[in-house]
Amino acid sequence: MNGWILAATVALGAGAGATLWGVATGPLRRRVVAQNLSTALACLVLLLLAQGYDRPSYVDLALVLALLGPVGTLVFARLLADDLAEDPPRAWGPTYLVVGAGAAVVTALCVATGPSRASAKLLVVGALLIGGNVVASRALSGGFSGLRRG
Amino acid sequence: MADAVIIVALLLVAAAATTAVLVRDPVRQALVLAVLGVLLAVLFTTLQAPDVGLSQLAVGSALTPLLLLLTVRKVRRRGRKEGPRR
């Protein structure tokens, strides 16, 4: 068990546990935010696991999740627009926390792998993760009012 | 000690699945199911089955919630349309 897997275990236990609690209790606005954050956290855990197991091909999972996680959140934002319009979620604090953690993890992994094609792929995953998360959070809090015809 | 991450992932999957059963509103159930799908993908990865995890990610994170929410919406609309007639 190396440091990467240890970091992945801690992130999975603390982060996914917190998002699971958030998605299980409370009002609907908190649940959608927790669902969004859970995909970003799982993406980070998958990146750390890929480095920990020393299998660069596992990064594909994180890439797919970085693409599909925001898509899932946008599905919720679109189809629950009526419910969320009455009580819009405002959770920029946790969003920026996860985005900062994502930037830190991707930077650490890039330093560990060194300049190569693998680190370029990691940077792409990080950019997708951060951009997708910010877009999904903005959609949840009603940033794209043109889409609200649900 | 190397199995700690597997144990944590297993516990989280068990907790998420129990929550998905206990939550009664279908919309909120879809949210819990999305989290459960992502956690299952992480569990498959820790068990060295990334190909299974890949398909689980594709199905669990976006497709299942989409189908559930579309179904809920259709049922609600039909109920609203036929409600006053009854």
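Guide: Two residues are in contact if their C-beta atoms, placed from the backbone, lie within 7 Å. This is a predicted model, in which local features need pLDDT of at least 70 and side-chain atom pairs count only at pLDDT 80 or more, while totals for chains, interfaces and linings use all residues. Residues are numbered from 1 along each chain as its sequence is written, and chains are lettered from A, with ligands numbered from 1, in the order in which they are written.

Visitor: What radius of gyration does chain B have?

Guide: Chain B has 3 helices and 0 strands, and its C-alpha trace spans about 65 × 25 × 10 Å along its principal axes. A compact globule of 86 residues would have a radius near 12 Å, but the value for chain B is 17 Å.

Visitor: Which elements of chain A give two or more residues to the side that touches chain B?

Guide: The contact between the chains takes 34 residues from chain A and 34 residues from chain B. On the side of chain A, the elements that give two or more residues are helix 1 (3-24), helix 2 (28-52) and helix 3 (59-79).

Visitor: How many residues of that side of chain A are nonpolar?

Guide: Ala, Val, Leu, Ile, Met, Phe, Trp, Tyr, Cys and Pro count as nonpolar, Asp, Glu, Lys and Arg as charged, and the others, Gly among them, as polar. The side of chain A that touches chain B has 9 polar and 2 charged residues, and its nonpolar residues number 23.

Visitor: Are helix 3 of chain A and helix 3 of chain B roughly parallel or roughly antiparallel to each other?

Guide: These helices pack with their axes 10 Å apart and at an angle of about 5°, where axes are lines fitted to C-alpha atoms over the stretch in contact, and angles run from 0 to 180 degrees between N-to-C directions. Angles under 35 degrees count as roughly parallel, over 145 as roughly antiparallel, 65 to 115 as roughly perpendicular and the rest as oblique. Helix 3 of chain A and helix 3 of chain B are therefore roughly parallel.

Visitor: How is helix 2 of chain A oriented to helix 6 of chain A, roughly parallel or roughly antiparallel?

Guide: The axes of helix 2 and helix 6 (residues 117-140) of chain A come within 10 Å and cross at roughly 175°. That makes the two helices of chain A roughly antiparallel.

Visitor: Is Ala8(A) buried or exposed?

Guide: Ala8(A) lies in helix 1 of chain A, and beyond its neighbours within four places in sequence its contacts include Val45(A), Leu48(A) and Val5(B). A residue with 20 or more other C-beta atoms within 10 Å of its own is buried, one with 12 or fewer is exposed, and one in between is partly exposed, with C-beta atoms placed from the backbone. Because 28 other C-beta atoms lie within 10 Å of it, Ala8(A) is buried.

Visitor: How many of the 21 residues of helix 2 of chain B are buried?

Guide: In chain B, 37% of the 86 residues count as buried. Helix 2 of chain B is largely enclosed by the rest of the structure, because the buried ones among its 21 residues number 18.

Visitor: What is the phi of Gln48(B), which is not a glycine?

Guide: Gln48(B) sits in the loop between helix 2 and helix 3 of chain B, and it is exposed, with 12 other C-beta atoms within 10 Å. Its phi is positive, at about 65°.

Visitor: Where is Asp54(A) found?

Guide: Asp54(A) has a positive phi near 60° although it is a residue other than glycine. It is exposed, with 9 other C-beta atoms within 10 Å. Its place in chain A is the loop between helix 2 and helix 3.

Definitions and conventions: Helix = DSSP H or I, 4+ residues; strand = E, 2+ residues; numbered from the N terminus. Rg over C-alpha atoms; globule rule 2.2 N^0.38 Å.
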